[in-house]
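User: I'm new to this one and would like to go through it slowly. Could you take my questions as they come?
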Amino acid sequence: MKISNKTILITGATDGIGKVLAIEFSKLGSNIILLGRDASKLDKVYDQLDQSNASQKHLILEADLALLNHESAHEILKAITSEYNSLDGIINNAAILGTMTTLEDYELSRWDEVLNINLRAPFILSKTLKPALENASDPRIIFTSSGVAKIGRAFWGAYSVSKFGLKGLAEIFANELESTSSIKVFNFDPGATQTKMRASARPAEDPSSLKTPSELVDCYLWFFSEESSNSKKHYFEYDELSRKVTST
Ligand code: NAP
């Protein structure tokens with residue numbers, strides 16, 4: 001899987017899955033664009049990126065995705081196109097869990113925050129950065145799903161609704177782009193993974209019983225492979241994809 005010299009934007013790159021993907025992809029020679037809301041966490045991750053290849057160039061974009069709008073997304077496009085000739089991929093990874101409560105008790109401001117970060121921001125970012133992606137030879141947009149995108153479960157509220165919405169968004173993007181663009185769109189459910197989000201969703205669970213974010217790297221790499229260029233399928237879950245990547 002040739003990931004070296006590819007330029008990849010990872011949202012929510014300051015923690016959990018996004019942080020590990022950023023560090024591991026940099027070791028494989030990618031240029032990493034770290035997007036996060038916390039400047040000091042971004043600096044710390046930047047310092048852990050591999051820069052051993054002299055042609056590698058990483059970039060920090062500080063942005064609160066809860067506040068992303070047309071103007072700030074265009075600022076992001078400008079920042080990327082002034083540093084790189086093209087963008088090979090966006091991993092729309094950032095999300096928040098919101099509150100685990102009934103719909104009846106769900107606070108409206110919290111509901112809006114979850115929907116803005118988890119659903120509205122990936123929509124704005126992906127549509128705005130499309131011109132930069134189209135300058136790449138085999139570009140990707142990856143959305144991040146969840147088990148609660150398929151079945152509505154009590155207390156998962158806005159998070160679950162945002163992932164249902166994201167599934168629709170990914171399908172629509174995939175369908176619109178398949179005949180008009182070289183951009184491939186995927187939606188991936190990484191499954192239960194040892195991160196701070198999982199710990200706040202399931203505080204009683206033993207984190208050591210879960211896979212680590214590092215175990216997801218091969219799955220994310222597959223999305224940038226030649227094999228995935230021919231995939232007719234857009235939606236993948238960890239169990240299925242990990243079997244596929246280990247058998248190839
Ligand atoms: P995490 O450890 O909580 O990391 C989430 C990342 O998103 C952090 O870097 C966080 O930044 C960032 N973020 C949150 N709000 C943001 C905002 N307003 N602007 C910019 N960045 C923001 O979560 P994770 O478990 O790695 O989750 C990654 C993705 O996998 C999510 O889409 C999640 O829904 C999905 N997922 C996870 C699991 C699991 O078991 N972990 C299962 C299924 C799906 P800060 O560092 O500033 O908080």
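User: How do the residues of the shell around the ligand divide into nonpolar, polar and charged?
Analyst: The shell holds 13 nonpolar, nine polar and eight charged residues, where Ala, Val, Leu, Ile, Met, Phe, Trp, Tyr, Cys and Pro count as nonpolar, Asp, Glu, Lys and Arg as charged, and the others, Gly among them, as polar. This is a predicted model, in which local features need pLDDT of at least 70, side-chain atom pairs count only at pLDDT 80 or more, and totals for chains, interfaces and linings use all residues. Residues are numbered from 1 along each chain as its sequence is written, and side-chain values use heavy atoms, with hydrogens and water left out.

User: Which residues come nearest to the ligand?
Analyst: Of the 30 residues around the ligand (a heavy atom within 4 Å), those that come nearest are Thr 14, Lys 41, Asn 93, Tyr 159 and Thr 195.

User: And what lies 2.7 Å from an oxygen atom of the ligand?
Analyst: That is a polar side-chain atom of Thr 14, while a polar side-chain atom of Arg 37 lies 2.9 Å from a ligand oxygen atom. From Leu 65, a backbone N or O atom lies 2.9 Å from a nitrogen atom of the ligand.

User: Changing topic, how many aromatic pairs are there?
Analyst: The count comes to 13, taking rings of Phe, Tyr and Trp (its six-membered ring) whose centres lie within 6.5 Å, with planes under 30 degrees apart counted as stacked, over 60 as edge-to-face and the rest as tilted. One of them is edge-to-face, formed by Phe 25 and Phe 224, with 5.9 Å centre to centre and 80 degrees between the planes.

How values were computed:
A polar contact is a pair of N or O atoms within 3.5 Å; within protein, one must be able to donate a hydrogen and the other to accept it, and residues adjacent in sequence count only if both atoms are side-chain atoms.
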